[in-house]
Amino acid sequence: MGDYGIKVMLPGKDITSSEPRDHVLSSKFSAVKIVNETLGTVVISSGGTAYGTVNHNLGFVPLTLLYTETTPNSWEMGFPFPSPAGIYPNSNPNFTNIGTAKSIVAFVNNALTTGTARYKIYTMGDSG
Amino acid sequence: MSNIGIKVVNAGTSIQSNDPRDIILSSKYSMFKYHYDGTISLTVNPGDTDVYGTVAHNLGYIPASMSYVSYPDTNLQTFVPEIPYGVDLQRYSSAKMGTSNLVVGFHLAEPYNQFTYDINDYWSTRRGANYFDVGKYSDGNTMNGATRFTNINLNKNESYISANLDVLVGSKGTASTDTKFNFYGIDEDNTSSFGDPMGRDRTTSTQSKSQSLPPINNYFGIDVHNEVNEIISRAGWSNGNAIGFLFFNNNSDTGAYFGDALVLPASKLTITKSGSMTITFKVIIFKDRII
């Protein structure tokens with residue numbers, strides 16, 4: 001490395017390797033940093049929509065990971081296939097979106113009774 | 001930083017910057033930590049609609065993860081879960097995380113390599129075109145019938161797994177005894193639309209059936225593998241041709257009969273072809289917990 005920095009390799013990998021997959025971490029490669037983790041629960045009336053919000057206030061649109069639980073103890077990343085008879089996250093960007101100050105996830109409830117859903121949003125310190 | 005830690009910033013950026021985008025790494029911000037990075041392949045066999053595979057992580061909590069899927073007909077990886085394009089689902093993949101396992105799944109709207117054909121023609125010797133009657137009517141008259149299906153996706157002499165004719169009982173008689181009939185394929189290269197097809201050539205393969213009828217609007221099945229094989233082995237058969245079947249009453253009791261009309265749902269022909277598909281998932285599980 002011509003510059004000063006930090007470099008940590010996987011066991012058995014050469015310190016001089018330039019293959020990114022050989023690295024545990026390196027100051028040469030910016031890491032995806034988790035600046036916020038939010039676990040939330042929404043209650044959605046039958047036929048209704050409910051929203052979960054993360055006020056990150058980063059001033060830019062961050063890289064974001066969304067996980068949702070619409071079936072108890074079963075989590076999926078992003079937007080699973082909509083459940084015609086149950087609860088699902090709404091991928092329509094008019095309802096679920098990431099902004100420069102906050103991220104919003106919308107849940108739709110097509111069941112006949114009020115239900116709940118949980119979400120986990122990881123907000124990264126990197127532009128999305 | 002008031003606490004002891006590590007902070008590395010991008011070249012040309014102040015070490016005192018609080019903008020996360022200026023920071024390469026910092027002990028102030030957690031990073032995802034790999035727990036598992038591997039692939040899992042699922043085999044989709046003829047007739048399958050949902051296929052699953054399990055990746056054990058045994059973390060005791062629900063971890064963050066990322067999954068990708070690639071299909072044999074593309075060289076591209078796509079995110080999981082995926083929502084099929086448009087309103088009509090054809091296929092989609094899923095990945096569900098639990099406290100011990102991550103379960104990947106592949107889902108089809110229709111069974112894999114299974115082709116279902118809706119009825120195209122009915123014939124009844126009692127009611128004529130667009131109707132279907134087999135047995136002995138309440139007035140004692142014999143009824144014979146025929147069915148026809150078009151655009152059959154089978155090559156000449158193609159080997160396949162199964163061919164089943166599901167006959168819809170749209171109406172039936174009051175007799176408690178079975179409806180008895182002899183069954184044939186129509187032995188023609190590409191049997192034409194019906195105008196009394198009962199005199200058309202018949203396959204050598206035949207079946208004598210004594211059929212207990214289900215409740216109205218339910219189906220009973222006939223294995224038509226032999227009849228279909230005989231038809232698609234004809235010199236003049238080609239993919240996309242039509243196939244038909246003939247039903248002749250065989251001493252049914254008076255009032256033992258079934259019938260239908262050419263309104264969907266109606267009788268259908270289902271052919272299951274051989275050949276499997278391999279779906280490959282790339283799964284990354286982090287040590288970081290969702291909950």
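A salt bridge here is a side-chain nitrogen of Lys or Arg within 4 Å of a carboxyl oxygen of Asp or Glu. The model is predicted. In this model the side chains of B:Lys282 and B:Asp37 meet that rule, with N to O at 2.5 Å. The two partners come from distant parts of the chain, 245 residues apart. B:Lys282 sits in strand 24 (residues 277–289) of chain B, and B:Asp37 sits in strand 4 (residues 34–44) of chain B. Neither end is buried. B:Lys282 has a relative accessible area of 27%, so it counts as partly exposed. B:Asp37 is at 42%, which also makes it partly exposed.

Over all chains, the rule gives 13 salt bridges. Side chains of opposite charge can pair when their charged atoms come close. Another pair is B:Arg127 with B:Asp133. Their closest N and O atoms are 2.8 Å apart. Here the two ends fall into separate classes. B:Arg127 is partly exposed at 33%. B:Asp133 is buried, with a relative accessible area of 1%.

Is B:Asp187 buried or exposed? The cut-off for buried is under 20% relative accessible area. B:Asp187 has 17% relative accessibility, so it counts as buried. B:Arg234 has 25% and therefore counts as partly exposed. The pair is part of a network of salt bridges that links B:Asp187, B:Asp189 and B:Arg234.

An α-helix has 3.6 residues a turn, so residues three or four places apart point the same way.

B:Ser171 lies in strand 17 (residues 171–172). Its relative accessibility is 26%, so it counts as partly exposed. Leaving out residues up to four places away in sequence, B:Ser171 touches B:Ile216, B:Tyr257, B:Phe258, B:Gly259 and B:Asp260. B:Asp48 lies elsewhere. The C-alpha atoms of B:Ser171 and B:Asp48 are separated by 32 Å, and the two residues are 123 apart along the chain.

A:Ser103 lies in strand 9 (residues 102–109) of chain A. Its relative accessible area is 2%, so A:Ser103 is buried. Beyond four places in sequence, A:Ser103 touches A:Gly52, A:Thr53, A:Val54, A:His56, A:Thr64, A:Asn97 and A:Ile98.

A:Val8, A:Leu10 and A:Val24 make a nonpolar surface patch of about 220 Å². A:Leu10 lies in the loop between strand 1 (7–9) and strand 2 (23–26). At 35% relative accessibility, A:Leu10 counts as partly exposed.

Last comes the interface. Contacts join 34 residues of chain A to 31 residues of chain B. The two chains bury about 2800 Å² between them, 69% of it on carbon and sulfur atoms. Three residues, A:Trp75, A:Met77 and A:Phe81, supply 23% of the area that chain A buries against chain B, more than any other three residues. How many salt bridges does the rule find across the interface of chain A and chain B? It finds 0. The count of residue pairs in polar contact between the chains is 9, with both residues at pLDDT 80 or more.

Which elements give two or more residues to the side of chain A that touches chain B? They are strand 2, strand 3 (33–44), strand 5 (62–71), strand 6 (74–77) and strand 10 (115–127) of chain A. Strand 10 gives the most, with 7 residues.

Terms used
Residues numbered from 1 in each chain as written. Chains lettered and ligands numbered in written order. Predicted model: local features only at pLDDT ≥ 70, side-chain atom pairs only at ≥ 80, totals over all residues. Heavy atoms only, no water. Helix = DSSP H or I, 4+ residues; strand = E, 2+ residues; numbered from the N terminus. Buried < 20%, exposed > 50% of the residue type's maximum accessible area, 1.4 Å probe, protein only. Contact = heavy atoms within 4.5 Å. Patch = residues over 30% accessible without salt bridge, like charges linked within 9 Å, V, L, I, M, F, W, Y side chains within 5 Å. Areas by Shrake-Rupley, 256 points an atom, 1.4 Å probe, with all protein chains shown as cover. Buried area = accessible area lost by both parts, 1.4 Å probe. Polar contact = N/O pair within 3.5 Å; in protein donor to acceptor, adjacent residues only side chain to side chain.
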